[in-house]
Amino acid sequence: MNKKLAAAVSGGAVLMLVLSGCGGGDDGDKKADAWAKTVCDKWEPELTKIKTTNDELKRVASQSSKPEEVQKTDSAAFQTLSEAYKTMGGALTAAGEPPVTDGKTAQEAVAKSYQEISKGYTDLKTKIDALDPKDQAKFAEGLQQVAGGLTEVAANETASKEKLRSTGLKVINSQKGCQVTTSK
C-alpha cells in the first residue's frame, strides 16, 4: 500500500525533472529570457520545497512507518505542496504577459493548472487529516483513497509540464532558478 503512495508521489517529481532539464530559450530573445528569469527567481525556492517534500513523502511511504507518522508527514507535505504550487501560479501571473508566441494563453493555462494542483493538495490534506490512525484497517483503506487522489494530482502536474514544454514558456527551462538538482 505504501508503495502505491510512493509511486504516486514519484509523479510529483515529474514536473521537477522537466524543469531541471536543458533546452528551450535558445532563440536569443532577451525579453523572453528576462521574463523567464523573473519567474524562475520566484519559483526557485518553491521548486526546492517541492523536491524536499516529495523526498520526504517517498521516505515515509517506502518505510514501515506508523500510521501516525504517515498521517503527520503527509498532512504537512500536502500543505507545503499546495502552498508551493499556489505561489508558483501567482508568480507566473505576476510576471506579466510573456513575450513569446501565444504567451498569454500559455501563461493562463499553466497558472490555472497550478491553482488546480494546489487545490488538489489541499483536498488531499483534508482527507489525510480526517483519517483515524488508531484504526489501522480504516486508515489503510483511507490511505488508498488518498493515493488515488495523489495519482490524479500527479497527472495534473504532468499536464502542466507538457504545457510548459509545448509552448513558448519553455524558455523557463533554460533559467538557473528553474533547475533543481535531483538527489541520488
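Because the model is predicted, local features are taken only where pLDDT is at least 70 and side-chain atom pairs only at pLDDT 80 or more, whereas totals for chains, interfaces and linings use all residues. Residues are numbered from 1 along each chain as its sequence is written, and side-chain values use heavy atoms, with hydrogens and water left out.

The secondary structure comes to 5 helices and 0 strands, where helices (H or I, at least four residues) and strands (E, at least two) are DSSP runs numbered from the N terminus; read from that end, the elements run α-α-α-α-α. The confidence score, pLDDT, is the predictor's confidence in each residue, from 0 to 100, and it averages 83 over the chain, with 82% of the residues scoring at least 70.

Of the contacts between residues at least 6 apart in sequence, 86% join residues at least 24 apart. Of the 184 residues, 45% count as buried, a class that means under 20% relative accessible area, with exposed meaning over 50% and partly exposed lying in between (1.4 Å probe, protein chains only). The accessible surface comes to about 9,300 Å², of which 52% belongs to carbon and sulfur atoms; such areas come from the Shrake-Rupley method with a 1.4 Å probe, and for residues only the protein chains shown count as cover.

A search of the whole structure finds 1 disulfide, defined as a pair of cysteine sulfur atoms within 2.5 Å. It is formed by Cys-40 and Cys-178, whose sulfur atoms are 2.1 Å apart. Cys-40 lies in helix α2 (residues 30-62) and Cys-178 in the segment after α5 (136-165), so the pair ties together parts that are 138 residues apart in sequence. The link of Cys-40 and Cys-178 is left-handed, with -100° about the S-S bond, and both Cys-40 and Cys-178 are buried.

The count of salt bridges comes to 9, each being a side-chain nitrogen of Lys or Arg within 4 Å of a carboxyl oxygen of Asp or Glu. Helix α2, which holds Cys-40, also holds the pair Asp-41 and Lys-37, which are 4 residues apart and so separated by about one helical turn; their closest N and O atoms are 2.9 Å apart. Asp-41 is partly exposed, with a relative accessible area of 42%, and Lys-37 is likewise partly exposed, at 43%. Further along, Lys-51 and Asp-55 both lie in helix α2, again 4 residues apart, and in their salt bridge the closest N and O atoms are 2.6 Å apart. Here Lys-51 is buried, with a relative accessible area of 16%, whereas Asp-55 is partly exposed, at 30%.

Helix α4 (residues 103-130) holds Asp-123 and Lys-119, which are 4 residues apart, about one turn of the helix, and form a salt bridge with closest N and O atoms 3.0 Å apart. Asp-123 is partly exposed, with a relative accessible area of 34%, while Lys-119 is exposed, at 52%. Finally, Glu-56, Arg-59 and Glu-69 are linked in a network of salt bridges.

How values were computed: Contact means heavy atoms within 4.5 Å.
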